[in-house]
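Open the structure in your viewer and keep the sequence panel beside it. This tour tells you what to select and what you will find there.

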Amino acid sequence: MESPAKKLWREELEKAFHELPPRQKVFTTLSGEEVPELCGPEDVQFDYEKDLGYPGVYPFTRGVQPSMYRGRLWTMRQFSGFGTAEDTNRRYKYLLAQGQTGLSVAFHMPTLMGRDSDSEYARGEVGRCGVAVDTLRDMEILFEGIPLDQVTTSMTINAPAAILLAMYIAVAEKQGVSRRQIGGTIQNDILKEYIAQKSWIFPPKESMRIIQDILVFCTQEVPRWNTISISGYHIREAGSTAVQELAFTLADGIGYVQAGIEAGLDVDAFAPRLSFFFNAHIDFFEEIAKYRAARRIWARTMKERFGARDPRSMKLRFHTQTAGCSLTAQQPMNNVVRTAVEALAAVLGGTQSLHTNSMDETLALPTEEAVTVALRTQQILAEETGVANTIDPLGGSYFVEYLTNRMESQAMAYIEEIDRMGGIIRAIELGYPQKEIAEASYRYQMALESGEKTLVGVNKYVMGEESPIEILKIPPEKEEQQVRRLREIKKSRSSRDVARSLQALEKAARSKENLMPVILEAVKAYASIGEICDVLRGVFGVYEDPAYF
Amino acid sequence: MADARKARILIAKPGLDGHDRGAKIIARALRDAGFEVIYTGLHQTPEMIVNAALQEDVDAIGLSILSGAHNHLFPRVVELLREKGASDKIVFGGGIIPAEDIPALKKAGIVEIFTPGTPLSEIVEFVRKTVGT
C-alpha cells in the first residue's frame with residue numbers, strides 16, 4: 001500500500017511529465033541497467049546490523065577499517081614506468097617528493113610476456129608502455145635510493161610474477177632489508193589474463209601451480225606481501241559491465257582460495273594477504289554500489305563457503321584505478337574532470353589505495369605535468385573537499401543501498417552459473433566470461449554509435465581540429481641502450497651459475513618442488529626473465545589465444 | 001558480373017599487448033557489414049600476420065596496437081608484404097597512435113590510421129570504399 005504522501009507525489013509526477021516529458025524513455029546506468037526515478041525505504045530491504053553493520057566489522061559493507069580515512073588516508077599510488085630503469089627511478093623519486101605515498105611499477109610488454117629486450121618479440125616495444133626489466137640489474141637501478149623498508153610497492157606483473165617478486169626480494173636483501181620486512185603487492189592474477197588482459201604465458205593449470213607455489217612461499221617467508229591482487233580493472237577495460245566486473249573478479253578470487261586450500265594451506269593462513277583491484281568508471285553511484293557489494297559478498301563467501309574464522313580473511317581490501325577506457329583522445333582536458341569524478345566514487349566506495357589517470361593517457365604514457373595534475377586531484381579530494389572526514393557517507397542512501405543489493409544479487413547469479421560450469425577455470429576454458437564481455441563491449445559501442453549513450457567530445461559537443469597537447473616520447477635509442485645493458489650483463493655474470501640455476505629450475509618445474517627458491521637463485525645469478533621463462537615454457541607449454549570475437 | 005566472393009579482411013594484433021577490445025569490435029562490425037573476417041588473435045609477429053594474410057588470401061589487413069610499438073611493427077608488415085609480392089593488399093591500422101606519428105606511417109604504406117573515438121561507421125565505410133564489398 002502506498003502512503004498518501006507517495007500517492008500525492010505520483011500524481012504530481014504525472015502532471016510534471018505531462019508538461020515536460022522525461023528526457024529519455026528509459027534511464028539506464030553505464031552498464032545498461034535500468035535506474036528508478038526515485039528510491040525510498042520500501043525499495044531497500046535490509047537488516048541494518050546484519051547487512052550493513054559497522055566499518056571494520058563483518059560483513060564490512062561500510063568499509064574494512066573501523067576508522068577508515070580518519071586514521072589514515074588511502075594510499076596515493078600512481079602506476080608508473082617507462083623507458084629504462086634510470087628513467088623510471090627518476091619519476092618515482094619525483095612522485096615521492098610530490099607527496100605520493102606508495103610505488104606502483106608498470107613494466108614494458110616484453111617483461112610482462114616473459115621476453116628479454118633483445119628477443120625478436122620485443123622489437124619496437126622496449127620501454128614503450130612500461131619500464132624495461134630484463135635482469136636483477138634493472139631492478140637494482142629501478143629502486144636505487146628508495147629504501148624498501150619504508151615504501152610499499154605494487155608490481156603489475158602476472159605470468160612472470162614469481163620472477164619479479166624474487167628480484168624484489170633480492171634487491172631488498174642487497175639493501176639490508178629482510179624479506180620478512182618488505183611490503184607490497186604482485187598482481188599475480190592470471191585468471192583475469194585469460195579473461196581480459198591477455199598477458200598470459202603458460203596454460204591455466206600450470207599457471208595455477210606457480211601461484212600455489214607463491215602462496216605457500218610468501219605465507220612462510222614474506223608475511224607482509226600481498227600475494228594476489230585479484231583484478232576487475234582489466235575485465236572492465238575489456239568492455240564488461242559493472243556487474244560482470246564484480247562477478248568475474250570474485251569468481252577468480254574463489255578460484256584462488258580453492259587453489260590455496262588445495263595446496264594444503266589453511267584458509268586463514270593466506271586469505272588475509274589476498275587483495276583486490278577494481279575499476280572506477282564514470283557512472284558514479286553504480287561504482288560506489290559495486291565496491292560496497294563486493295565487500296559484502298566476499299565477507300560472506302569467505303565465512304560461509306570457505307569457513308574462514310579470521311576476520312582479516314573476510315575483509316575485501318582493494319586498490320582502485322580510474323577508468324582508462326572512459327578517457328577520450330578528443331578534448332583531452334575533459335579527462336581531468338572525468339578522473340576526478342571517478343576518483344570521488346572510489347573514495348566514497350572506501351578504497352584502500354588509488355591511481356588517478358592522467359589526461360593524456362589515450363595518446364601516450366603521461367608527461368610529468370599530466371601525472372602531477374592527476375596526483376593533485378587525489379590530494380584535493382583528500383584534503384579540501386571534506387569527503388574523507390566521515391565514514392561511508394552514502395551508507396543508508398536509498399538509491400545506493402538499492403543498487404548495492406541489486407548488484408549483489410546479479411553478481412551472485414553469475415557466480416552460481418560459474419559454479420555450475422565447474423568453477424572459473426572451466427568457465428574460462430569454455431570461453432564464458434570472455435564471450436560475455438565481448439557481448440557487453442559490443443553492445444556499449446552500439447549505444448555510442450546510435451547516440452543512446454553520450455561521450456562528450458566524441459559523439460556530442462564535438463569540436464573540429466584541436467591543437468595537440470604535449471605528450472611523452474620514448475626515444476628509439478632506449479631500445480639500443482637496454483639491449484646493450486642486457487648483453488653486458490650476460491657477458492659479465494657467471495655463466496656456470498646461470499646454467500646451474502636454470503637446470504635446477506627445470507628440475508623443480510618437472511617435479512612438485514616449490515619454484516620460488518630456485519627462481520630466487522636464478523635471478524641472483526642474473527639469469528634474465530626471458531631465460532627463466534624459456535625454461536618454464538619448455539616444461540609447461542604456452543597458452544594460445546582462442547580469439548573469440 | 002560481380003564477383004560473388006565476399007571481400008576478406010584480416011584483423012590482426014601485432015606486438016605483445018593484449019588490448020583486443022577494439023580489434024574485436026572492428027572484427028565484429030566488419031562481419032556484420034557483410035565482410036568475411038578472420039581475426040588472428042593476440043601476440044602476432046609481423047611474419048605471422050603476413051603468413052596468415054597470404055594463407056587466407058585476404059584483401060585487406062587491419063592492424064591494432066596499443067603498446068606504442070606501431071612505428072616499428074606497422075611498417076614491418078607492409079615491408080614483408082612487399083617482399084612476398086603481396087603489396088596489393090590494403091593495410092590500415094588503429095590504436096593509441098599520436099597524431100605526429102601518422103604521416104610517417106602513411107608514407108610507409110599504411111593507407112589509413114584510425115585513432116581512439118573513431119565511429120565504427122567510418123571504418124566500415126573506409127573498408128567498403130577501398131576494398132569493395
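## First stop: a loop in chain A

Select Asn188(A), which sits in the loop of chain A between β5 (184–186) and α7 (191–197). Keep in mind that the model is predicted. Check the backbone here. Asn188(A) is not a glycine, yet its phi is positive, at about 50°. Is Asn188(A) buried or exposed? Asn188(A) counts as buried, because it has 29 C-beta neighbours inside 10 Å and the cut-off for burial is 20 or more.

Move to Asp392(A). Asp392(A) lies in the loop between α15 (368–383) and α16 of chain A. Its phi is positive too, at about 45°, although Asp392(A) is not a glycine. Count the surroundings. Asp392(A) has 20 C-beta neighbours inside 10 Å, so it counts as buried.

## A cis peptide bond

Next, select Tyr58(A) and Pro59(A) together. The peptide bond that joins them is cis, with omega at about 0°. Where is Pro59(A)? Pro59(A) is in the loop of chain A that runs between α2 (48–52) and β1 (75–76).

## Ala271(A) and its contacts

Select Ala271(A). You are in the loop between α11 (267–270) and β8 (274–280) of chain A. Ala271(A) is buried, because 25 other C-beta atoms lie within 10 Å. Now show what surrounds this residue. Which residues does Ala271(A) contact, leaving aside its neighbours within four places in sequence? They are Val257(A), Met302(A), Ala308(A) and Ser313(A). Draw a distance from Ala271(A) to Val257(A). Their C-alpha atoms are separated by 7.0 Å, and the two residues are 14 apart along the chain.

Two packed helices are described by the angle between their axes and the distance between the axes.

Start by selecting residues 284–305 and 334–348 of chain A, which are helices α12 and α14. Their axes are 8 Å apart, and the packing angle is about 30°. The cut-off for roughly parallel is under 35 degrees, and α12(A) and α14(A) are therefore roughly parallel to each other. The crossing of this pair is right-handed. Show the side chains at the contact. From α12(A) come Phe284(A), Glu287(A) and Ile288(A), and from α14(A) come Val341(A), Ala345(A) and Leu348(A). Colour the contact residues of α12(A) and α14(A) by class: 5 are nonpolar, 1 is charged and none is polar.

Now select residues 242–262 and 398–421 of chain A, helices α10 and α16. Their axes cross at roughly 50° and come within 9 Å. That angle makes α10(A) oblique to α16(A). The crossing of α10(A) and α16(A) is right-handed. Again, display the contact.

- From α10(A): Ala242(A), Val243(A), Leu246(A), Ala247(A), Leu250(A) and Ala251(A).
- From α16(A): Met407(A), Gln410(A), Ala411(A), Tyr414(A), Ile415(A) and Ile418(A).

By class, the contact of α10(A) with α16(A) has 11 nonpolar residues, 1 polar and no charged.

## Chain A as a whole

Zoom out and select chain A. Its secondary structure comes to 22 helices and 10 strands. Along its principal axes, the C-alpha trace of chain A spans about 85 × 60 × 45 Å. The radius of gyration of chain A is 24 Å, which agrees with the value near 24 Å for a compact globule of 549 residues. Of those 549 residues, 51% count as buried. Look at contacts in chain A with a separation of 6 or more: 76% of them are between residues 24 or more positions apart.

## Chain B

Switch to chain B. How many helices and strands does chain B have? The count is 5 helices and 5 strands. Along the sequence, the pattern is β-α-β-α-β-α-β-α-β-α. For its 133 residues the globule rule gives 14 Å, and chain B has a radius of gyration of 13 Å, so it is as compact as a globular protein of that length. Its C-alpha atoms fill a box of roughly 45 × 35 × 25 Å along the principal axes. Buried residues are 51% of chain B.

## Last stop: where the chains meet

Show both chains. Here 29 residues of chain B are in contact with 33 residues of chain A. On chain B, select α1 (21–32), α3 (70–83) and α5 (120–131); each supplies at least two residues of the side that touches chain A. Which of these gives the most? That is α1(B), with 5 residues. Finish by colouring this side of chain B by class: 13 nonpolar, 11 polar and 5 charged.

Conventions: Residues are numbered from 1 along each chain as its sequence is written. Chains are lettered from A and ligands numbered from 1 in the order in which they are written. This is a predicted model: local features need pLDDT of at least 70, side-chain atom pairs count only at pLDDT 80 or more; totals for chains, interfaces and linings use all residues. Axes are lines fitted to C-alpha atoms, for helices over the stretch in contact, and angles run from 0 to 180 degrees between N-to-C directions. Helices (H or I, at least four residues) and strands (E, at least two) are DSSP runs, numbered from the N terminus. Angles under 35 degrees count as roughly parallel, over 145 as roughly antiparallel, 65 to 115 as roughly perpendicular and the rest as oblique. A crossing is left-handed if the near helix is turned anticlockwise from the far one by less than a right angle, and right-handed if clockwise. Two residues are in contact if their C-beta atoms, placed from the backbone, lie within 7 Å. Ala, Val, Leu, Ile, Met, Phe, Trp, Tyr, Cys and Pro count as nonpolar, Asp, Glu, Lys and Arg as charged, and the others, Gly among them, as polar. The radius of gyration is taken over C-alpha atoms; the globule rule is 2.2 Å times the number of residues to the power 0.38. A residue is buried if 20 or more other C-beta atoms lie within 10 Å of its own, exposed if 12 or fewer, and partly exposed in between; C-beta atoms are placed from the backbone.
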